[in-house]
Amino acid sequence: MIFSTLGGSMNESKKGLMTSGLGFLPVFAFLGLWELVARLDIIPRQMFPPFSAVVVEAFTLIKNGVLIHHFSMSLMRVLIGFITGSIAGLACGLLMGWNDILNRTFSPIVSLIYPIPALGWLPIFMIWFGINELLPIAIIFTCSFFPILYNTASGVRDVDENYVQVARTLGQGEGRILMTILFPLALPSIFTGLRLEAGMAWRVIIAAEMVAIPTGIGALLMRAESLIRMDIIIVCLMVLAVMCFSFERFFYFLEKRATERWRIG
Amino acid sequence: MRNGLLKGGVLAKIALKAVKNFALNSVDLEVHHRETLAIVGLTGAGKTTLIKAVAGLVPYQGNIFLNGSDVRSIPIRERRIGYLPQDLFLFPHMTVFSNVVYGLSGMGLGREAIKSQGKDVMELLRITHLAGRYPVNLSGGEKQRVALARAIAPHPDILLLDEPFSSLDVKTAKYLRLEFRRILRDLRLTTLFITHNLTEAEEMGDRLAVMDKGSILRTGSFSEIFISPNHPLISELLGSHTILNCKASHPIGNGLTQVETGKISLVVPDEKESIQKVAIASRHVYISKEKPPGPDVNRFLGTVEEMVDEGSLKRLVINVSGERVLAEIPQGDEALHDSEVGTSVYVILHLRHLKVL
């Protein structure tokens, strides 16, 4: 029995490895094709460098500290803007979802502001804050705040009223019901917002840095563009892709950890 | 329990005129201390609305007194009410243990006291082995137990049960009813139990209240209501029964009593000291053209007096030594193949279906 169970789990893990291996196969095939086509020199190499040249350039940029410097600037802005925006959005969303008066008061304002693209705020923030570190952080804050507020408030409002009624009959006050019933049951909706906005924060920071900020991955992209350094541009885009993917996966992992055991069993 | 009223004293007085957006017309009820009052009625009678009004979950016109105080001025969380809704609403993100102790956590108890009280309640409901599981991993019966444990853990003054067995299969529901009844009696909890099922009401309740269209039609013991329903709806809920008057009775041991009706003699469960009547539902009267095997206890030879087709059923009146016994069998039942008025048949009355009144 033990052997068969072990055999079963080994088979499963093999299967998992094979599945993930199969997932990487198209990526390797794509990179191979890219390398091959670039080396045929049909397109000039400065316009379409081979993958190996991009890797070499990535190592050079890491070694001379340029990539680390710009990446850390972008990362810092994303983290500060996203964390503060998320916490504020979460707090306001919880209050709006919980309190009907707050919801009815602020819901029309949120509904009006929510659809404005984060970069739409750039001109206003440039005038308000000037071109300094506050500008990209404010943009990321805005980009995170409204969607997370919206998802949190709707997640709380969607919790079945009967859970709240039962909690009340069990002697719980409203504040405790908010924290022990409404907030946990709204987590799936909150995580959906966090996951989407975590990737969006990176897309927005790159755009903001390209337009207005002299440092960061976006700024490096613009500088590479003016020097027609396609290899650096591709390195920057690869960093962006990895960061968007990693942030989204991180929140996906957190969501699974926080909710899977009671949602799926 | 917080109050010290003796059984029979009034714990809750409910006098409702209307509930906003619901058809609740006139309710006048007294719930006695430590009794289970079963409120029975058809779907839409206003039973759930009534229970929600008592719990403070819907606005109402009228008065609800609990322990002599009008509960209108008492916030829901201070009413000391245990509420078990129809769909249970176990908190899905909490383990069984966290669900059970949730009501204790707002009472200012220490961590150890909460743990120990939670364990006690879980032992009482026999769910200790489920402590670490989430509701998503529980069976229907286990969920019911957890929900009851959660409701009774904070020692409520009154327990409100809203059709807790309606989603269970017949066997599990029957088993749980007996278990819940035992627990409610052991804990001497005052309970308002809602159901549309008269059997459940009879099994669970010390007294019955029959409700229809937002009003209470009748309250009383099951026997009182059974003997004189006084209302077409109550008769409908009770279904057709044969009621036999008891002229004499004497215990024969093994928890049984011999009852003489003057015309026939039958054996019934020894449930009451003074037996006035014995009732049996038409659907529980078994009929056979062949003599059934076994001793001649509660088996009688009779003659079919009337036979009426009524939809999918055939209703019969059988004369057994002068007693008219009502019976119903499905159309096409082989037991009465080729029978007609005047045919001799055997009537079998199962002991467990005989109601002693």
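Mentor: Start with handedness: a crossing is left-handed if the near helix is turned anticlockwise from the far one by less than a right angle, and right-handed if clockwise. In this predicted model, the crossing of α9(A) and α10(A) is left-handed.

Trainee: What makes α9(A) and α10(A) roughly antiparallel to each other?

Mentor: The axes of α9 (residues 217–226) and α10 (residues 230–263) of chain A cross at roughly 160°. Angles over 145 degrees count as roughly antiparallel, and therefore α9(A) and α10(A) are given that description. Their axes also come within 8 Å.

Trainee: Which residues of α9(A) and α10(A) meet?

Mentor: From α9(A) they are Ile217(A), Leu220(A), Leu221(A), Ala224(A) and Glu225(A). On the α10(A) side they are Ile232(A), Ile233(A), Cys236(A), Val239(A) and Leu240(A). Contact here requires C-beta atoms within 7 Å. By class, the contact of α9(A) with α10(A) has 9 nonpolar, no polar and 1 charged residues. Glu counts as charged, so Glu225(A) is the charged one.

Trainee: Now chain B. Why are β11 and β21 of chain B called edge strands?

Mentor: The open sheet has 3 strands in the order β11-β15-β21 (chain B), with antiparallel pairing. β11 and β21 (355–356) of chain B each pair on one side only, and that is what the word edge refers to here.

Trainee: How many residues of chain B are in contact with chain A?

Mentor: 20 residues of chain B are in contact with 17 residues of chain A. The chain B side divides into 14 nonpolar, 4 polar and 2 charged residues.

Trainee: What is there to say about chain B as a whole?

Mentor: Chain B has 8 helices and 21 strands. Of its 357 residues, 39% count as buried; for that label, 20 or more other C-beta atoms must lie within 10 Å of a residue's own.

Notes: Residues are numbered from 1 along each chain as its sequence is written. Chains are lettered from A and ligands numbered from 1 in the order in which they are written. This is a predicted model: local features need pLDDT of at least 70, side-chain atom pairs count only at pLDDT 80 or more; totals for chains, interfaces and linings use all residues. Two residues are in contact if their C-beta atoms, placed from the backbone, lie within 7 Å. Axes are lines fitted to C-alpha atoms, for helices over the stretch in contact, and angles run from 0 to 180 degrees between N-to-C directions. Helices (H or I, at least four residues) and strands (E, at least two) are DSSP runs, numbered from the N terminus. Angles under 35 degrees count as roughly parallel, over 145 as roughly antiparallel, 65 to 115 as roughly perpendicular and the rest as oblique. Two strands pair if DSSP finds at least two bridges between them. A residue is buried if 20 or more other C-beta atoms lie within 10 Å of its own, exposed if 12 or fewer, and partly exposed in between; C-beta atoms are placed from the backbone.
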